Amino acid sequence: MLNMERLRTLSAVARHGSVRAAAEGLHVTTSAVSQQLAKLERETGQQLLVKNGRGVRLTDAGRLLAGHAARILSQVELAEAELEAHRGQAVGELRMGAFPTAARGLFPDALAALIVDHPQLRARLWEMEPGDSVRAVVRGDIDLGVVLDWYNRPLSLPEGLAKAPLLDDPADVAMPSDHRLAGRRTVELEDFADDAWISWPQGEFCHDWLMFTLRSKGIEPRIAHMAEEHGTQLALIARGLGVAVAPRLGRGPVPEGVSVVPVRHPMRRHVYAIWRADADRRPSIRAAVGALREVGRALEV
């Protein structure tokens, strides 16, 4: 009898391409992954992995079994979703991922509401960038992701995913309080063509969006600093070190020395939840989406 947990581990190694990456995706140690794979090899009586430089690769038998494992796990997920739907209650574990400002701005209230309304549901949250959430949902590492795209730059989603809008998040421009434009009622991005910018780190979706948007307006951005957390960006701005786009979701109090001014032609991030379409009937996913939407509606008022 093949063990489901060991099949899940093999499938993760096949998807991620290494033991270390599989361990991170499964939220376990590399030692735990290695132990599960060793047991699976003993159960099957075949070698499933071989060393490949500093990493590993699947043998022919490993690839064969990993293909079956992916199909088996998909069927198990579908069965669990249908059983949960038949029961009509949000129960069991729900693994969710969200980008940092959504984790901070939406999830505390949403998770608290889920505990009250669905006490048999164990909801767990990990912070991750939108692209990472998409990949994690597709792989089955998480059940639901909260992601974003910008009004002028959609996030590409693969087939097989369902989505639901949660809220639209306006973004302003944050600048030092003594900036020449700090007293304006509204501004345009073109007004900051000569300013130093504080951006998200390279490779992140929002950094790519900022570069794309400024260049589309004829501005070659001068990036002075990069910081992932908005609180860090605002702290740098307070010391006169640049300007930044500042979305409102999860922003928190604006520190002394920073002025935040709306943009005349509004910039918005579209925030939405995604999940695998074959899990669409799961009451736990519907409960989580409902809780997140309630929080989102309150923020948009």
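The model is a predicted one, where local features need pLDDT of at least 70, side-chain atom pairs count only at pLDDT 80 or more, and totals for chains, interfaces and linings use all residues. Residues are numbered from 1 along each chain as its sequence is written, and side-chain values use heavy atoms, with hydrogens and water left out.

**The whole chain**

The protein chain has 10 helices and 11 strands; helices (H or I, at least four residues) and strands (E, at least two) are DSSP runs, numbered from the N terminus. Its C-alpha atoms fill a box of roughly 75 × 50 × 30 Å, taken along the principal axes. Of the 301 residues in the protein chain, 48% are buried. Buried means under 20% relative accessible area, exposed over 50%, and partly exposed in between (1.4 Å probe, protein chains only).

What share of contacts between residues at least 6 apart in sequence joins residues at least 24 apart? In the protein chain, that share is 75%, with contact meaning heavy atoms within 4.5 Å.

**Two cores**

A nonpolar core is a set of buried Ala, Val, Leu, Ile, Met, Phe, Trp, Tyr and Cys residues joined through side-chain atoms within 4.5 Å. The largest one here has 65 residues, and the members touching the most others are L106, L144, V146, W150, L166 and V245. Strand β6 (residues 161-176) gives this core its largest share, eight residues. Another core lies apart from it, with 18 residues, including V19, A22, A23 and L40.

Back to V245: leaving aside neighbours within four places in sequence, V245 is in contact with residues including W150, W197, W200 and W209.

The 15 residues of α3 reach 21 Å from first C-alpha to last, close to the 21 Å expected at 1.5 Å a residue. That expected span is 1.5 Å times one less than the number of residues. Just after α3, G45 takes a positive phi of about 70 degrees.

Over in helix α1 (residues 4-16) you'll find S11. S11 is buried, with a relative accessible area of 4%, and it touches A69, A70 and L73, not counting residues up to four places away in sequence.

**Aromatic rings**

How many aromatic pairs does the structure hold? There are three. Rings of Phe, Tyr and Trp (its six-membered ring) pair if their centres lie within 6.5 Å; planes under 30 degrees apart count as stacked, over 60 as edge-to-face and the rest as tilted. Here are two of the pairs:

| Pair | Centre to centre | Angle of planes | Type |
|---|---|---|---|
| W150 and W209 | 3.6 Å | 5 degrees | stacked |
| F192 and W197 | 6.3 Å | 70 degrees | edge-to-face |

F192 is buried at 0%, and W197 is buried at 0%. Finally, W150, W200 and W209 form one aromatic cluster.
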